[in-house]
Amino acid sequence: MQAILTTQRIQWGLLFLALGVLYFALLREMAGDWAIDPNYSHGYLVPFIAASFLWQRREKLMEAEPQPASTGLLVMGAGLGMFFLGDLAAEYFTMRFSFLVVLAGIVLVLAGWEILRLVLFPLGYLIFMIPLPYTLYDSIAFPLKLFAAKAATAVLQFIWIPIHREGNILILENQTLEVADACSGIRSLVSLLALGVAMAAMFQRTTPRRIALVAAAVPIALFVNVLRIVVTGLLTHYVGPEAALGFFHEFEGMVVFAVALVMLFGTNVVLDRMGKKEKELKIGN
């Protein structure tokens with residue numbers, strides 16, 4: 001028995017060593033992207049959150065009996081194929097995503113379907129650490145910019161602030177504001193979705209409430225982004241053009257994101273209480 005365990009550990013060690021050699025440079029570059037791209041600064045937290053989900057499943061993993069599945073070789077092959085095709089096309093998202101596919105294949109080859117099922121969610125959560133391809137990012141950011149510009153303009157006009165919009169350009173009396181990519185709301189959207197999935201897994205016990213919590217991240221992200229632009233417009237109008245630049249703009253972004261966090265946590269509390277009430281009603285009946 002001890003010899004079998006030793007052999008398994010050697011197999012795991014060799015496969016993960018090969019995985020590290022193949023992906024080390026790619027993962028290091030991805031961590032560098034987290035440092036320079038504010039849209040993915042949450043990437044540093046994602047592996048730790050995924051590790052905590054894995055830790056929560058440690059007892060079930062220890063109880064599960066490994067049943068190696070040869071189909072894992074096909075999964076590994078598919079992942080390696082994605083890696084080399086992505087390398088040929090210089091498409092980093094495909095290469096980075098292939099890391100998760102190959103990792104799933106290794107688990108399947110060495111441990112089987114039952115253990116893969118237990119680690120699938122922590123493994124899948126790692127997708128939040130991978131920056132989106134820029135073509136997809138732009139296709140999402142552009143309509144978000146237009147929506148935010150239209151909504152903010154409508155709110156500012158409603159409260160009698162003189163403003164004119166041309167596409168994603170907002171023209172006030174004393175300043176012209178551009179709703180740029182950084183103000184599109186995609187940064188808040190990606191971060192809130194990652195946080196919403198984590199909270200849903202930790203705090204909600206039914207699938208409908210989990211879906212509701214994750215889905216709530218979308219309108220919350222849209223709302224706070226419009227709020228940020230409205231606040232910027234108000235400060236620019238009443239304080240001056242400097243309110244849309246530098247420290248004030250960055251501080252305003254942090255405050256508005258804090259509002260988004262409070263709203264998401266509040267949604268979680270409401271859903272949790274709804275679940276408790278449903279449980280009490282079932283017991284009462």
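Tyrosine 134 is exposed, with a relative accessible area of 60%. In this report, a residue is exposed when its relative accessible area is over 50%, buried when it is under 20%, and partly exposed in between, as computed with a 1.4 Å probe on protein chains only. The model is predicted, and local features need pLDDT of at least 70, while side-chain atom pairs count only at pLDDT 80 or more and totals for chains, interfaces and linings use all residues. Residues are numbered from 1 along each chain as its sequence is written, and side-chain values use heavy atoms, leaving out hydrogens and water.

A search of the whole structure finds 10 aromatic pairs. Rings of Phe, Tyr and Trp (for Trp, the six-membered ring) form a pair if their centres lie within 6.5 Å; planes under 30 degrees apart count as stacked, over 60 as edge-to-face, and the rest as tilted. How are phenylalanine 53 and tyrosine 125 arranged as an aromatic pair? The arrangement is edge-to-face, with 5.7 Å from centre to centre and 80° between the planes. This pair links distant parts of the chain, since phenylalanine 53 belongs to helix H2 and tyrosine 125 to helix H6 (residues 113–125), 72 residues apart. Phenylalanine 53 counts as buried because its relative accessibility is 1%, and tyrosine 125 is buried as well, with a relative accessible area of 2%.

Tyrosine 134 forms an edge-to-face aromatic pair with tyrosine 137, at 6.4 Å centre to centre and with 70° between the planes. Tyrosine 137 is buried, with a relative accessible area of 8%, whereas tyrosine 134 is exposed. Elsewhere, ring pairs link Tyr23, Phe83, Phe84 and Phe99 into a cluster.

## The overall fold

The secondary structure of the protein comes to 10 helices and three strands. Helices (H or I, at least four residues) and strands (E, at least two) are DSSP runs, numbered from the N terminus. Along the sequence, the pattern reads α-α-α-α-α-α-α-β-β-β-α-α-α.

Of the 285 residues in the protein, 38% are buried. The accessible surface comes to about 16300 Å², and 70% of this area belongs to carbon and sulfur atoms. Accessible areas come from the Shrake-Rupley method with a 1.4 Å probe, and for residues only the protein chains shown count as cover. A contact means heavy atoms within 4.5 Å. Among the contacts with a separation of 6 or more, 74% are between residues 24 or more positions apart.

Threonine 153 lies in helix H7 (residues 134–158). Is threonine 153 buried or exposed? Threonine 153 counts as buried because its relative accessibility is 5%. Leaving aside neighbours within four places in sequence, threonine 153 is in contact with Ile163, Arg165 and Leu170.

Tryptophan 113 is placed in helix H6 and counts as exposed, at 53% relative accessibility. Not counting residues up to four places away in sequence, tryptophan 113 touches Gln67, Ala69, Thr71 and Leu108. The C-alpha atoms of tryptophan 113 and alanine 69 are separated by 7.1 Å, although these residues are 44 residues apart along the chain.

## Two loop residues with positive phi

Alanine 90 is found in the loop between helix H4 (72–89) and helix H5 (92–111). Its phi is near 55°, a positive value in a residue other than glycine. Alanine 90 counts as exposed, at 55% relative accessibility.

Tryptophan 160 is in the loop between H7 and strand E1 (163–166). The phi of tryptophan 160 is near 65°, again a positive value in a residue other than glycine. Tryptophan 160 is exposed, with a relative accessible area of 77%.

## The second largest pocket

The second largest pocket has a volume of about 550 Å³. On a 1 Å grid over the protein atoms alone, a pocket is an open set of points where a 1.4 Å probe fits, with protein on both sides within 12 Å along at least five of seven lines; lining residues have an atom within 4 Å of a point. Grid points are joined across faces, edges and corners, and a volume is the space filled by probe spheres set on the points.

The lining of this pocket has 22 residues, of which Ser41, Arg187, Ser188, Ser191 and Phe257 lie nearest its centre. The elements that give two or more residues to this lining are helix H2 (46–56), helix H8 (186–203), helix H9 (207–238) and helix H10 (246–284). The lining residues divide into 12 nonpolar, seven polar and three charged. Here Ala, Val, Leu, Ile, Met, Phe, Trp, Tyr, Cys and Pro count as nonpolar, Asp, Glu, Lys and Arg as charged, and the others, Gly among them, as polar.
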